[in-house]
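Dear colleague,

I am handing over the structure below, and my notes on what was found in it follow. Please read them with the model open beside you.

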Amino acid sequence: MKKRVFVYIRVSTQEQAEEGYSLGEQEERLRKYCDAMGWILVKVYTDGGFSGGNLDRPALKAMIKEIEKGAADIVLVDKLDRLSRSQFDT
């Protein structure tokens, strides 16, 4: 059975301005990875302009609700700090 994947991408406005680490770049890399693994990309959740310092992000909250319903097998992020900058929250 193929794995069902949620992709989560996030960038703070400051990061994007300073590092050029765009939402589009993250999404493109993760879509290609899903294709390479033969996984089914169910949905891309995007929080643009939000800090990773807390969990108060609309797309993250929506994704967690869907995970609790069993809608995906895997959450894929480009880097772990895209999910959270707090080890406890992660």
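A residue is called partly exposed here when its relative accessible area lies between the cut-off for buried, under 20%, and the cut-off for exposed, over 50%. Glu-28, with a relative accessible area of 46%, is therefore partly exposed. Please keep in mind throughout that this is a predicted model.

To begin with the overall layout, the chain contains 4 helices and 3 strands, and from the N terminus on these elements follow the order β-α-α-β-α-β-α. Of the 90 residues in the chain, 32% are buried. The chain exposes about 5,600 Å², of which carbon and sulfur atoms supply 53%. When contacts between residues at least 6 apart in sequence are considered, 70% of them join residues that are at least 24 apart.

The strands form an open sheet of 3 strands in the order 2-1-3, with parallel pairing. Strand 2 (40–48) and strand 3 (74–76) stand at the edges, and because each has a single partner strand, one side of each is left without a neighbour in the sheet. From one strand to the next, the twist averages 25°. Strand 1 (residues 4–11) runs parallel to strand 3 and is joined to it by 3 bridges; within this pairing, Val-5 has Ile-74 in strand 3 as its bridge partner.

Helix 2 (residues 23–37) packs on this sheet and touches strand 1, strand 2 and strand 3, with its direction making about 160° with that of strand 1. Helix 3 (residues 58–68) likewise packs on the sheet and touches strand 1, strand 2 and strand 3, its direction making about 150° with that of strand 2.

Arg-4 forms a salt bridge with Asp-73, in which the closest N and O atoms are 3.1 Å apart. This pair links distant parts of the chain, since Arg-4 lies in strand 1 and Asp-73 in the loop between helix 3 and strand 3, 69 residues apart. Arg-4 counts as partly exposed at 27% relative accessibility, and Asp-73, with a relative accessible area of 37%, is partly exposed as well.

Glu-28, with which these notes began, forms a salt bridge with Lys-32, the closest N and O atoms being 3.1 Å apart. Both residues lie in helix 2, where they are 4 residues apart, about one turn of the helix. Lys-32 counts as exposed at 52% relative accessibility, whereas Glu-28 is partly exposed at 46%.

Lys-69 forms a further salt bridge, with Glu-66, and here the closest N and O atoms are 3.2 Å apart. Lys-69 counts as exposed, its relative accessibility being 65%, while Glu-66, at 26%, counts as partly exposed.

Finally, a word on the start of the chain. Met-1 is found in the segment before strand 1, and at 93% relative accessibility Met-1 counts as exposed. The C-alpha atom of Met-1 is separated by 9.4 Å from that of Trp-39, although the two residues are 38 residues apart along the chain.

With kind regards

Terms used: Residues numbered from 1 in each chain as written. Predicted model: local features only at pLDDT ≥ 70, side-chain atom pairs only at ≥ 80, totals over all residues. Heavy atoms only, no water. Pairing = 2+ DSSP bridges. Helix = DSSP H or I, 4+ residues; strand = E, 2+ residues; numbered from the N terminus. Axes fitted to C-alpha atoms, helices over the stretch in contact; angles between N-to-C directions. Contact = heavy atoms within 4.5 Å. Buried < 20%, exposed > 50% of the residue type's maximum accessible area, 1.4 Å probe, protein only. Salt bridge = Lys/Arg side-chain N within 4 Å of Asp/Glu carboxyl O. Areas by Shrake-Rupley, 256 points an atom, 1.4 Å probe, with all protein chains shown as cover.
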